[in-house]
Each structure stands twice: as structure tokens, then as C-alpha cells.
Amino acid sequence: MLNRVKKLPANFVWGGATAAYQVEGSTQVDGKGKTMWDDYLKAQGRFSPDPASDFYNRYPEDIKLAKQYGLNAIRVSIAWTRIFPKGYGEVNQKGVAFYHRLFKECLDNNVEPYVTLHHFDSPKTLFDDGDWLNRKNIDYFVDYAKFCFKEFPEVNNWFTINELISLATSQYIGGNFPPNHHFDVTSAIQAEHNELLAHARVVNLYREMQLPGRIGLIHVLQPIYPITETPENKHAAALYDAFLNRFLLDGTFLGHYTTETMALINEILEKNNAKLDIQPGDMDILAKAAPQNDYFGLNYYQSQFIQAYEGESTNQFNGTGEKGTSSFKFKGVGEIVKKPGVPQTDWDWNIYPEGLYDVLKRVARVYPNSKTIYITENGLGFKDHYEGPDQIIDDQPRIDYIDQHLEAILKARSEGVNVQGYFVWSLQDQFSWANGYNKRYGLFYVDFDTQKREIKESARWFKELADTK
Ligand code: BGP
């Protein structure tokens, strides 16, 4: 069945990714506190975060499947509100015990856990107080991280925050995560800066604690290309790239925002009457942490093509999988357009593996502090066709997608980019934050009515590749 990629490198980390809120379910049990999602999803009425993939109860089965199909690693996240139901204060021992059980199951099966501390699931109490816009949130996050580092010595691979940009822009630009603001540029850029500070403080803490493991963070990178090479479109691409990628990469791996980056960011801020508050001492924290990251988790799904746009900002989110229903126009920055010849998913995401190759080369060239790179998410959202128990689930488009992206990764690696692993999004089917249960990504199909797991063809192919290591 092997296609483009015939062989994985020896010792390659070969994993599947999950996120606590998207897989665990059991949102109201064993003392868990509310996240920013619980009441919001209930009020919205589109779908429920329970039972999700019932990972809270079925993790042993999923980890055994992972092992059986050749995976040697798993990304999981800790739900902050299982440990501290309010985000701070009293510890919930039942939550702590769950993660000890989970990590033990991983380690007993030789499936190495890579653990994220914050994957989009801000505690409701802190969310109501401003979430990452409130600098007190950073202190609470540092306390929570410190607690986890002491409590879980069995974890050797940590990530602080998942996709700072997705959280900030989904909350404050696209408006499809609570609190659903549209083009609130001040909040978006401030949340990004504050999250970078939180990450940096936790990295600095980790080093002070002299812990033996590794720590880093996860950025999703979206290469931005001008739709045609006019000066206006090229400038639009530079602006949007600064906003989505460069500001965060600079802050993480250079420890400062370069003059060129800030010129682009300031142009966006001015055009949108927005501002960024950097307080005395902030940049010292970033500078200290930048060389101390042990590795970099890079998520990649798509690239974007852009043309210049000076009108008012508007957007429409495709949350249903009805092709061609999304649009995005950002005042003074640009308009996302479709590039002829580039295929798209049902959710209008461009399938463009070249973008992954380009961005890997760029990260290695411009940000050597990223050191070792793991692809921590990559995969295809797809409406899998399920005909009943034990029937073949043919997800060839997913195999093709992963295969093409792996090829791009291995090409970059053969040219010296230090990529040491790949985590498919996702291990098993799980709901999608703004799309619900019909956007599936898993290697393993989950029948959400019965919670029965079925093996997709992509899982068999994944195993074949695993055996080439
Ligand atoms: C990333 C998130 C994941 C996951 C994935 C797919 O941004 O880290 O949690 O959801 O994207 O996105 P979606 O579910 O919107 O298709």
C-alpha cells in the first residue's frame, strides 16, 4: 500500500495527537471545573462536548490501539480544570490521579507521552476575568505548570501552549471561539504577546527547577503567498505573515520582535486603530527564554494565498463542511483568495504540502533556537464513510494527504532540517472545536453513539510505514 514515502528514518517519533477537551468527555465528573466552552456550547446548542471520544474512560483501549498500529508516541493535553477546577487554588486529586493513570498506561505500552499544558481550554473562572488579556492569568498559568512539573515526573516531554495564534485569532479576529469578537485587533495581538510571556516564564521556571526533561511550545504555521507577484500583493502577504507567523516566531525563538516585524505589525495596528502594550521587563523574559527551548512543535495544515485589500474587515467561517462558504477580508492587510489548481478540503482548507517544506526550511534558517522540530499536528478533516461495524473504512484522501506532507518533511530533513518526529492529527476521531462531530481526522474511527473504535485504512497504512523504521 506504500505510496510516495517508502521508508521512515530510524528512531523517528511516530505519533498520534489528541487534546483533552476534544477527546476526554466526562466534563462534569470527578470534580472537573468548567472551561470557557461548557456554557458556550450549551447555549449554542450545536453539539455537546460529552461524550466526545470518552477518552477519560477508554484511554487504555486507545493507547493499546496506538501501540498495535505502530505508534511510539502520543500527544495528550492536561485539562487545567481537572487539576485546578477554578484555574488556581484548591487541587482536585481525582483529576491528578486520572493523569497518573493515563501516563502510566502510555509508558507501560511504550507510547511516549508528549504533554501540553494548555490546549484551548481556558478555565471558565479565568476566562470570565479576561483570559490571556489579564496579566494575572500568566501568574496562574505559571503556578499550574509548576504544580504539574512537580507532580508528574514521569513526563519527560512538555509543551506549554498549543497554537497561540489559533486561540487568539479564533477568539478575537475570526470570532468562532468564545468570546466571539470579530477583528478586535488589539485583543488578538495582546493575547499573543501575553501568551508568549506565559510560555517564556514557564520555560525559565523549568530551567530553574533543573528538571531533566524537555520543554517547548507549539505554533501552527501558515505560510502566506501573494496570489500574484504584484508589489501590493507581496506587501499584503508580508503583513499577514507578520501577524500570523513572524511575530510569534520572533518572540519565541529570537526573544525579541525584530524591527522589520514590528514595522509590519505597527502598520496593521495603525490601520485598525489598535495598540499593543509591552510592559517594562517583558522583553527580558522573552530574551532569557528564547535559547532555552529544547524543541519546537510545529503544526501544519495549510498555506494561504492573499491579495491586497483596503476595504472594511469581514469574514465568514465554514463550520459545516459545505465547500466554498468561507471568506476572509482583513482591513489594510489582505483578502484570502483561492489559488487555481490548489485543491481544497470541504472546509476550504488548501492542500499544499509545498508550504510545509517552505516553512520548515524557513524556520531552520531564521530561527536556529527552534533546535529540534516535531510536526505535532498534520492531517485531513474528512467526512469518513462508515458502513457499519467491521466494514472497511476507506480514507484514501487522508492517506494521500499525510503521504504528500511526509514527503515534504523528509525532503526538508534530507536537506538538513532537524525534524525528529510526526504526530498525525488525530489519533482517534474527536470533535472539532468550531465544526462539531462531522469533521473527522482520526486513524481510528469512533462511532460516537456506541464509542466503538474501528480501524480506518489510514491506520493500516500508518502501521506499514512504522514497520519501515
Ligand atoms: C488545531 C488544533 C486541534 C484541532 C485541529 C483541527 O488548530 O490544535 O485541536 O482541532 O486544529 O482543526 P479543526 O478541528 O478546526 O478542523
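**Note on the predicted structure**

1. Q428 is located in the loop that runs between strand 13 (419-424) and strand 14 (444-446); helices (H or I, at least four residues) and strands (E, at least two) are DSSP runs, numbered from the N terminus. Residues are numbered from 1 along each chain as its sequence is written, and side-chain values use heavy atoms, with hydrogens and water left out. This is a predicted model, in which local features need pLDDT of at least 70, side-chain atom pairs count only at pLDDT 80 or more, and totals for chains, interfaces and linings use all residues.

2. With a relative accessible area of 0%, Q428 is buried (buried means under 20% relative accessible area, exposed over 50%, partly exposed in between; 1.4 Å probe, protein chains only). Apart from neighbours within four places in sequence, Q428 is in contact with residues including T18, S53, D62, F444 and R453, where contact means heavy atoms within 4.5 Å. The side chains of Q428 and Q430 are joined by a polar contact of 3.2 Å (a pair of N or O atoms within 3.5 Å; within protein, one must be able to donate a hydrogen and the other to accept it, and residues adjacent in sequence count only if both atoms are side-chain atoms).

3. The loop of Q428 also holds S426, between strand 13 and strand 14. The peptide bond joining W425 and S426 is cis, with omega about 15 degrees. A cis bond also runs from D50 to P51, with omega near 5 degrees; P51 belongs to the loop between helix 2 (38-44) and helix 3 (55-68).

4. Most residues other than glycine have a negative phi, and most peptide bonds are trans. N180, which is not a glycine, has a positive phi of about 60 degrees. N180 is in the loop between helix 8 (164-172) and helix 9 (185-208) and is partly exposed, at 28% relative accessible area. For Q451, phi is positive as well, near 65 degrees. Q451 is placed in the loop between strand 14 and strand 15 (453-455) and counts as buried, at 5% relative accessibility.

5. H235 is part of helix 10 (residues 231-254). At 32% relative accessibility, H235 is partly exposed. Beyond residues up to four places away in sequence, H235 touches L264 and E267. H235 and Y257 are 22 residues apart in sequence, and their C-alpha atoms are 19 Å apart in space.

6. As for the ligand, an oxygen atom of it is 2.7 Å from an N or O atom in the side chain of Q22. A polar side-chain atom of S432 is 2.6 Å from a ligand oxygen atom, and for K439 the corresponding distance is 2.7 Å.
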